[in-house]
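Please consult the sequence and the model shown below while reading.

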Amino acid sequence: MRLLVVEDEARMARALQRGLQAEGFAVDVAADGPAGLDLARHGGYDAMILDVMLPGLSGYRVVRQLRAEDVWLPVLMLSAKDGEYDQADGLDCGADDYLTKPFSFVVLLARLRALLRRGAPSRPAVLSVGDLTLDPAQRRVSRGGEEITLTAREFALLEYLMRREGTVVSKTELLDHVWDAAMDTAPNVVEVYVGYLRRKIGRDVLETVRGAGYRLSAA
Ligand code: CA
């Protein structure tokens, strides 16, 4: 079993690495958020132990980003903070378990083994509406068996609409869920992207409901 430990406190990182190696795990260590994110994406690990307070990118942001990219590596978060609020934050952002520092190594090991037994969190299933299919894990879209290439934003828009198949989704809702809050978006950006999407997936499945929004349904 290969583990990734992301921890900026060198002494703690070393202690974890040695302890886990002594238990028979292969262990890599990253000392900041961006390095941890990069390794987690490409490293083929069985689980990750992730500190919350990290330079560069917090543990919350790392796990949120991984989940957004459909990386379903089991994550055990570590934090010096305690209290229900932080724990909820950690689990909300996609971590699988949470341990508050200071913790005993025996407890960490038990939690880690439980996590590894459970395996990767369940991937979202392939979505389909009529002959249109979208695989969130593989990031693939096809219609009638023909592969369709979408940009990341078009993909996110289509995924959101497919998850709400048959219901009218307003532009505001799409802006909230598909575009980052921080992004300065022009009001017509949704219309523009709906236009791009229609050109690729076909006009017949994505209907404009005048004054209300859009509805995706089987043609
Ligand atoms: Ca830290």
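Asp51 is buried, at a relative accessible area of 2%; buried means under 20%, exposed over 50% and partly exposed in between, for a 1.4 Å probe and protein chains only. The model is a predicted one, in which local features need pLDDT of at least 70, side-chain atom pairs count only at pLDDT 80 or more, and totals for chains, interfaces and linings use all residues. Residues are numbered from 1 along each chain as its sequence is written, and side-chain values use heavy atoms, without hydrogens and water.

**The calcium site**

Asp51 is located in strand E3; strands (E, at least two residues) and helices (H or I, at least four) are DSSP runs numbered from the N terminus. Asp8 (OD), Asp51 (OD) and Met53 (O) are the protein donors of the calcium ion, at 2.0 to 2.3 Å from it. Donors are N, O and S atoms within 2.8 Å of the metal (3.2 Å for Na, K and Ca); water is not among the atoms, so sites may look incomplete. Along the chain, the donors of the calcium ion follow the spacing D-x42-D-x1-M. Distant parts of the chain are linked here: Asp8 belongs to the loop between strand E1 (2-6) and helix H1 (10-22), 43 residues apart from Asp51 in strand E3 (residues 47-51).

The side chains of Asp51 and Lys101 are joined by a polar contact of 3.1 Å. Such a contact is a pair of N or O atoms within 3.5 Å; within protein, one must be able to donate a hydrogen and the other to accept it, and residues adjacent in sequence count only if both atoms are side-chain atoms.

**The aromatic pair**

The structure holds 1 aromatic pair. Tyr193 and Tyr196 form this edge-to-face pair, with 5.1 Å centre to centre and 80° between the planes. Rings of Phe, Tyr and Trp (its six-membered ring) pair if their centres lie within 6.5 Å; planes under 30 degrees apart count as stacked, over 60 as edge-to-face and the rest as tilted. Tyr193 and Tyr196 are about one helical turn apart because they lie 3 residues from each other in helix H8 (residues 189-201).

The table gives the accessibility of residues from both sites.

| Residue | Relative accessible area | Class |
|---|---|---|
| Asp8 | 33% | partly exposed |
| Asp51 | 2% | buried |
| Tyr193 | 22% | partly exposed |
| Tyr196 | 33% | partly exposed |
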